[in-house]
Amino acid sequence: MAAERGQASLELLGALPVVLLLGAVLLQLLAVGYSATLAGSAAEAGALAVASGGDAVAAARASVPGWSRAGMRVKSGGGRVSVSMRPPSPLAAVRGALELQASAKVQAP
């Protein structure tokens, strides 16, 4: 009976790295999904600005939170606005490998 007392603690210590890794992967997936949504919204905002005669790049950048503008690139031409965005990640290798892209196009009347 005394030998079994510490077994639960050892099992918890053994499972803890797996639980932490799973949590980190899930948070990274959430960051990727949110960044994809932001990129799509920024492309739409830029296209709407083109339709109204405004600055597409400024509109796209203004439509996203400040923290996401650092890894964001906006290209505009021919009625198409393309946005590339890197999702946040604590690992530089992951941050450099992931890039999300979205585009929106406005047709002239």
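## Overall dimensions

The protein has a radius of gyration of 22 Å, whereas a compact globule of 109 residues would have one near 13 Å; the radius is taken over C-alpha atoms, and the globule rule is 2.2 Å times the number of residues to the power 0.38. Along the principal axes, the C-alpha atoms fill a box of roughly 80 × 25 × 20 Å.

This is a predicted model, in which local features need pLDDT of at least 70 and side-chain atom pairs count only at pLDDT 80 or more, while totals for chains, interfaces and linings use all residues. Residues are numbered from 1 along each chain as its sequence is written, and side-chain values use heavy atoms, with hydrogens and water left out.

## Secondary structure and contacts

The protein contains three helices and three strands, which follow one another from the N terminus in the order α-α-β-β-α-β. These elements are DSSP runs numbered from the N terminus, with helices being H or I of at least four residues and strands being E of at least two.

Of the contacts between residues at least 6 apart in sequence, 45% join residues at least 24 apart, a contact meaning heavy atoms within 4.5 Å.

## Surface and charge

Buried residues account for 24% of the 109 residues, where buried means under 20% relative accessible area, exposed over 50%, and partly exposed in between (1.4 Å probe, protein chains only). The protein exposes about 7200 Å², of which carbon and sulfur atoms supply 65%; accessible areas come from the Shrake-Rupley method with a 1.4 Å probe, and for residues only the protein chains shown count as cover.

There are 9 positive and 5 negative side chains, and the centres of the two sets lie 14 Å apart. Lys and Arg count as positive and Asp and Glu as negative, with His and the chain ends not counted, and each charge is placed at NZ of Lys, CZ of Arg, CG of Asp or CD of Glu.

## The nonpolar core

The largest nonpolar core has 15 residues, and those with the most contacts inside it are A42, V64, M72, V74, V81, V83 and M85. Helices α1 (7-51) and α2 and strands β1 (72-77), β2 (80-85) and β3 (100-105) each supply at least two residues of this core, and the largest share, five residues, comes from α1. Such a core is a set of buried Ala, Val, Leu, Ile, Met, Phe, Trp, Tyr and Cys residues joined through side-chain atoms within 4.5 Å.

Leaving aside residues up to four places away in sequence, V81 touches A43, G46, A47, V50, A56, V74, K75, S76, A102, S103 and A104.

## Individual positions

Helix α2 (residues 56-62) includes A62, and A56 is found in helix α2 as well. A56 counts as buried because its relative accessibility is 5%, whereas A62 counts as exposed because its value is 58%. Beyond residues up to four places away in sequence, A56 touches G46, A49, V50, S76 and V81; the C-alpha atoms of A56 and A42, 14 residues apart along the chain, are separated by 9.3 Å. For A62 and Q107, which are 45 residues apart along the chain, the C-alpha separation is 23 Å.

In strand β2 lies S84, which counts as buried because its relative accessibility is 12%. Not counting residues up to four places away in sequence, S84 touches G71, M72, R73, E99, L100 and Q101.
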